[in-house]
Amino acid sequence: MQKLKTFPKGGVHPPEHKLSAGSPIETLPVSGRVAIPVVQHLGAPAEPVVQRGEEVKVGQLLAKGTGFVSANVHAPVSGKVFRIDKKFDASGYKRTSVIIDINGDDWDPEIDRSTTLRKEITASREEIIEKVQAAGIVGMGGATFPTHVKLNVPRGKKADILIINGVECEPFLTADHRLMLERGEELVVGIRILMKALAVTTAVIGIENNKPDAIDHLTKLTADEPGITVQPLKVKYPQGGEKQLIKAITGREVPSGGLPVDVGAVVHNVGTTLAAYEAVQKNKPLIERIVTVTGKSVAKPSNFLVRIGTPISALIDAAGGLPEDTGKVVLGGPMMGKAVSKLDIPVTKGTSGVLIIPDNEAHRAPVEPCIRCAKCVSVCPMGLEPYLLMDLGVYEKFERAQNERVMDCIECGSCSYICPADRPLLDYIRLDKLRVGEMIRKARQAAK
Amino acid sequence: MSDIVLYTVISLTLLGILAAVILYFVAQKFKVVEDPRIDAVEEVLPHANCGGCGYPGCRPFAEACVKADSLDDLFCPVGGNEVMAKVAEILGLEAVEAEPRVAVIRCQGSYEHRPRTSRYEGASTCAIEHALYTGDTDCPYGCLGLGDCVAACDFEALFMDEKTGLPYVIDENCVACGACVEACPRDIIELRKRNKRDRKIFVSCINEEKGGVARQYCKVACIGCSKCFQVCPFDAITMGNNLAFIDSDACKLCRKCVVVCPTDSILEINFPPRKEPKEVKPAAAKKAVPPKQEKAAPAVAAAKETVAVKEKEQEKEKKAENIPAEEKASEKDAGGEDEKKKEAGGSSPEEKKGS
Amino acid sequence: MDKLLTVSMSPHAHGRDTTPKLMLGVVIALLPAWAASVWFFGWGALYVPVLSVLFSVIFEYLIAKYLLKKEPSIRDGSAVVTGLLLAFTLPVNIPVWILAIGTLVAIGVGKMSFGGLGTNPFNPALVGRVFLFISFPVQMTSWPLPKGFATADAVTGATPLGLLKEGMRQGEHVANMVRELPTNYDMFMGHMGGSMGEVAAVALLLGFLYLLWRRIITWHIPVTILTTVFLFSGLMWLINPADNASPVFHLLSGGLMLGAIFMATDYVTSPMTPQGMVWYGVGIGLLTVIIRRWGAYPEGVQFAILIMNAFVPLINMYVKPKRFGEVKKNG
Ligand code: SF4
Ligand code: SF4
């Protein structure tokens with residue numbers, strides 16, 4: 001076994017609870033009426049291009065991305081557009097969505113639905129990027145940043161390594177793990193495609209060491225793939241943070257405020273890579289994804305392949321229903337996921353998991369005074385001082401917070417996790433970031 | 001021994017003189033020639049340093065006044081016209097009269113009116129809760145009840161009403177500095193013209209949803225039915241975004257709109273009782289109570305009364321199962337105008353006061 | 001769904017550490033030293049710390065409740081640690097009323113007057129101890145010599161450091177005093193005069209290992225203090241062995257171990273960053289040796305720690321952790 005790599009500073013070790021690691025991916029059908037939000041990515045919203053009452057096929061374009069940093073949205077189901085209306089998103093705020101009454105499963109004939117592996121890559125570099133953009137692919141680890149933007153290396157910069165993020169450092173989640181085990185062949189072709197798009201010759205798949213089967217499997221698959229290697233990583237959160245992963249694998253540090261490509265690295269999640277394979281080789285836009293439904297009280301922790309737009313309540317039902325004592329439902333993992341107030345919200349491109357937390361673990365302990373134990377400082381992977389940033393937030397000293405580099409925070413939550421006094425460190429750090437962001441924007445406007 | 005004393009005295013004296021000389025030159029070097037009028041202006045300002053004028057404090061405001069050619073855009077809300085007149089006099093400029101204003105809370109989503117649909121845990125500030133999600137009710141526009149505005153107020157003019165979970169304004173303390181307006185992440189607070197005896201009429205809702213949806217969120221939401229718009233004899237009401245808005249400058253306080261609002265979304269505050277027996281509703285609410293207690297006291301009374309009237313529902317509400325109560329109420333409200341008013345004698349006044 | 005879901009910001013998980021657990025960990029780490037002192041000083045060493053803890057907790061409760069009028073937070077266990085540490089710096093034959101005054105000062109002045117846990121700039125136990133030391137010099141410097149478990153009436157005498165200072169004052173050469181001083185081995189095992197908790201270096205080191213294992217503290221502060229003391233005193237010893245005690249003697253004598261491992265690492269009064277901790281440790285080490293060698297008191301650890309406590313806000317202000325992505329930016 002190779003030597004384990006890791007990022008040097010900070011990090012925590014939350015219990016892993018990978019309950020659904022052994023459950024193979026199941027395809028979950030969807031019926032009835034679904035709402036497809038037109039914004040499922042970071043960046044400018046997409047414009048709906050279908051009309052009320054229009055019949056749509058699976059894979060048909062529903063909304064077109066506006067501008068470069070934006071992403072298309074395709075119909076994940078076939079049926080009739082009932083309405084274009086505002087629907088709840090995960091925050092409870094309403095977002096424009098295309099609401100479709102499902103009728104059959106009628107696919108766009110352009111899409112190759114066979115499961116045969118298409119290995120040789122005929123598309124040129126430009127075609128790949130074009131196809132990825134057309135397919136509306138975004139970062140599927142949760143950040144939902146449009147993938148084609150990351151594939152377009154800015155002029156004057158050069159990428160020399162592609163890092164595939166199969167770390168899945170969040171406790172509970174197993175979607176990427178299952179994907180690597182079950183769709184490994186396609187994944188490897190996907191990596192080749194991304195390598196071609198970026199014109200790099202090296203690709204490293206980073207996998208945390210708690211998934212030895214995935215490491216073995218991919219090592220075997222990549223044995224005669226020149227340039228692609230598998231790198232086992234130490235189990236430590238947030239190993240899968242983009243900057244931490246780059247540091248762990250290449251030893252390079254993305255400069256504060258900079259992009260990974262500044263140090264020649266580009267990181268893509270395994271889910272994104274698979275989506276790129278399907279888009280380029282099979283013409284299939286991003287209309288489904290793998291979602292883990294898990295939690296200590298869940299009857300049947302599972303991994304589902306679902307269409308975008310499936311309400312999470314349907315997923316929970318398929319995993320054995322919502323347990324009696326549920327206190328919290330989180331989209332994503334426990335460290336960075338988003339708690340939701342309702343269950344009739346749709347799965348979107350960035351939904352990696354649905355985590356159900358029983359009531360006795362769903363609440364925060366009362367906040368106590370900071371004992372200045374410095375644990376938050378020592379776990380922060382970004383070298384920040386969370387206790388100080390929180391105080392600056394409480395006392396509204398946002399300029400100082402900016403000088404203390406609050407904008408570098410990756411919101412990994414390690415500080416709040418470790419704090420023995422249960423202080424809501426990240427809550428206030430987010431407030432800092434909000435206000436500092438406003439300040440920066442204002443300053444920029446003033447400069448103009 | 002005496003030597004030591006002598007040397008000490010001498011060296012200390014020398015040091016003192018040296019320091020004095022240095023200080024003198026430093027002071028000379030960094031001396032800033034300031035317009036003496038700045039001091040004069042600052043003198044007449046209220047020294048609240050609240051930032052209500054848009055400047056960081058009273059002195060920067062004074063500087064801005066001295067620099068400015070006219071006082072058009074400069075106004076000290078705390079000092080009001082009186083102080084601005086003095087400032088104008090000092091500077092030899094024309095004072096611009098500004099209408100005195102007062103903050104109003106445009107949300108009535110009390111515990112009673114708006115069902116809680118989740119529980120929020122975390123840092124107790126509205127800004128954070130707002131950034132996270134809609135808040136513990138479904139209404140994405142309404143008050144979050146964590147009191148960022150109260151914290152922002154330097155004049156003790158805002159308080160959180162524990163009964164309703166909403167802030168309320170103590171009119172006489174409010175100087176309309178606008179700090180709360182800035183602080184509220186949902187833009188609920190508005191500065192409106194201050195009328196005689198602090199009378200106010202305003203639409204206490206900013207929910208832009210369509211009527212049906214808005215009512216799901218909150219019993220007293222403005223549903224944009226435009227009844228008030230039609231009844232207003234002075235064209236003071238405008239409709240937009242499924243909302244009615246009363247222009248405080250055009251409003252003549254005739255109170256016609258209050259009566260027609262089917263959801264009790266329009267509030268009238270500090271009015272004497274109505275004469276017509278038909279309109280018992282507001283009469284009960286608006287006793288000539290001094291403004292300070294006006295909101296607090298009836299709130300308590302209202303709560304007590306409510307307990308008496310709908311004891312059962314109240315109990316249920318405590319268990320966070322206020323849906324039945326909610327539905328009953330909306331059925332009632334959905335009934336015809338007159339019917340509603342008859343019935344309203346029992347329940348509506350408290351609701352109104354309770355907000 | 002009839003129950004409301006809870007919504008809060010991430011993270012939705014929390015580590016197992018809590019303030020009371022950490023404090024309990026410190027108490028556990030102090031147990032070996034406590035056992036050692038019972039072994040050396042007899043039953044007195046058993047009940048004095050217990051009394052001290054009781055006093056501390058009671059005073060904290062009363063002050064919080066009746067003077068500060070806030071919810072007493074004795075649950076956090078910090079008063080227990082303060083009481084225990086204070087007792088460990090006192091001679092075993094301390095009169096109870098002095099102990100009571102000491103805890104009152106430690107808790108009342110050292111901690112609560114600044115607003116309670118987390119806000120006090122100085123280590124409360126040391127505040128109490130130094131106050132007693134200055135107010136009751138006689139009682140505070142009649143150190144019982146360890147006579148083992150059986151003897152009830154301990155003989156009192158000076159600590160090794162006291163002997164050293166006294167000797168030096170009389171102009172004796174250190175080399176000549178060696179006979180009077182305990183051997184290194186005796187000091188390591190605790191056969192020397194001193195306060196309850198400081199005598200057995202081996203027991204304190206055991207506690208240190210426990211603290212490290214539980215990740216309650218990091219190695220930075222104790223290790224830098226001990227290294228600095230060793231290097232600095234070693235340097236002086238090499239230059240002039242006649243006037244200076246050996247570095248090993250410095251390491252093992254007095255309250256250095258107790259101070260370095262348990263006092264200087266007090267969360268509230270130590271710096272927040274590893275880099276800051278190193279500076280702080282070096283400062284304490286230097287000051288300790290300087291006070292021991294040239295100061296008026298034989299022992300310097302407590303003063304050194306209190307002095308460096310005063311610098312902690314400054315250290316926190318200027319010594320920042322290495323930020324991720326900082327180096328590359330500048331070059
Ligand atoms: S400050 Fe930000 S980056 Fe650092 S531990 Fe906290 S959440 Fe993570
Ligand atoms: S982890 Fe919590 S208690 Fe410790 S220093 Fe940070 S904020 Fe304070």
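The exercises below work through a predicted model, from its chain contacts to its domains, a ligand shell and a salt bridge.

**Exercise 1. The interface of chain C and chain A**

Task: Describe the contact of chain C with chain A by its residues, its buried area and its polar pairs.

Solution. 

Step 1. Start with the residues in contact. Chain C contributes 39 residues, and these touch 65 residues of chain A.

Step 2. Turn to the area. About 4400 Å² is buried between chain C and chain A, and carbon and sulfur atoms give 54% of that area. On the side of chain C, H12(C), M272(C) and F324(C) supply 20% of the area buried against chain A, more than any other three residues.

Step 3. Look for charged pairs. Side chains of opposite charge can pair when their charged atoms come close. The rule finds 6 salt bridges across the interface of chain C and chain A. K320(C) forms a salt bridge with E404(A), with 3.3 Å between the closest N and O atoms. A salt bridge requires a distance within 4 Å, and the 3.3 Å of K320(C) and E404(A) meets this cut-off.

Step 4. Count the polar contacts. Between chain C and chain A there are 22 residue pairs in polar contact, both residues being at pLDDT 80 or more.

Step 5. Ask which elements carry the chain C side. Strand 1 (5-8), helix 1 (19-41), helix 15 (301-318) and helix 16 (327-330) of chain C are the elements that give two or more residues to the side touching chain A. The largest share, 4 residues, comes from strand 1 of chain C. By class, this side of chain C has 17 nonpolar, 12 polar and 10 charged residues.

**Exercise 2. The two domains of chain C**

Task: Find the domains of chain C and describe what lies between them.

Solution. 

Step 1. Chain C is divided into domain 1 (19-140) and domain 2 (160-318). Their centres, taken over C-alpha atoms, are separated by 21 Å.

Step 2. Describe the contact. In chain C, 37 residues of domain 1 are in contact with 33 residues of domain 2. The two domains of chain C bury about 2800 Å² between them, and 78% of this is on carbon and sulfur atoms.

Step 3. Check the polar pairs. Across the interface of domain 1 and domain 2 of chain C, the rule finds 0 salt bridges. It finds 2 residue pairs in polar contact across that interface, both residues being at pLDDT 80 or more.

Step 4. Name the elements on the domain 1 side. Helix 1, helix 2 (44-67), helix 3 (78-88) and helix 5 (124-135) of chain C are the elements that give two or more residues to this side. Helix 1 of chain C gives the largest share, 13 residues. The side of domain 1 that touches domain 2 has 28 nonpolar, 7 polar and 2 charged residues.

**Exercise 3. Domain 1 and domain 2 of chain A**

Task: Describe the contact of domain 1 and domain 2 of chain A.

Solution. 

Step 1. Read the assignment. It gives chain A domain 1 (28-111 + 285-361), domain 2 (125-282) and domain 3 (375-447). The C-alpha centres of domain 1 and domain 2 of chain A lie 24 Å apart.

Step 2. Describe the contact. It takes 32 residues from domain 1 of chain A and 27 residues from domain 2 of chain A. The area buried between these domains is about 2400 Å², with carbon and sulfur atoms giving 65%. F68(A), L286(A) and I290(A) supply 22% of the area that domain 1 of chain A buries against domain 2, more than any other three residues.

Step 3. Count the pairs. Between domain 1 and domain 2 of chain A the count is 0 salt bridges. There are 12 residue pairs in polar contact across this interface, both residues being at pLDDT 80 or more.

Step 4. Finish with the domain 1 side. Strand 13 (288-294) and strand 17 (353-358) of chain A each supply at least two of its residues. Strand 13 of chain A gives the largest share, 5 residues.

**Exercise 4. The shell of ligand 1**

Task: Which residues come nearest to ligand 1, and how does the shell divide by class?

Solution. 

Step 1. Of the 13 residues around ligand 1, the nearest are C380(A), C409(A), C412(A), G413(A) and C415(A). Helix 12 (414-418) and helix 13 (425-447) of chain A are the elements that give two or more residues to this shell.

Step 2. The shell around ligand 1 divides into 10 nonpolar, 2 polar and 1 charged.

How values were computed. Residues are numbered from 1 along each chain as its sequence is written. Chains are lettered from A and ligands numbered from 1 in the order in which they are written. This is a predicted model: local features need pLDDT of at least 70, side-chain atom pairs count only at pLDDT 80 or more; totals for chains, interfaces and linings use all residues. Side-chain values use heavy atoms; hydrogens and water are left out. A residue is near a molecule or strand if one of its heavy atoms lies within 4 Å of it. Ala, Val, Leu, Ile, Met, Phe, Trp, Tyr, Cys and Pro count as nonpolar, Asp, Glu, Lys and Arg as charged, and the others, Gly among them, as polar. Contact means heavy atoms within 4.5 Å. Buried area is the accessible area (1.4 Å probe) that two parts lose on being put together, summed over both. A salt bridge is a side-chain nitrogen of Lys or Arg within 4 Å of a carboxyl oxygen of Asp or Glu. A polar contact is a pair of N or O atoms within 3.5 Å; within protein, one must be able to donate a hydrogen and the other to accept it, and residues adjacent in sequence count only if both atoms are side-chain atoms. Domain bounds come from an automatic or database domain assignment.
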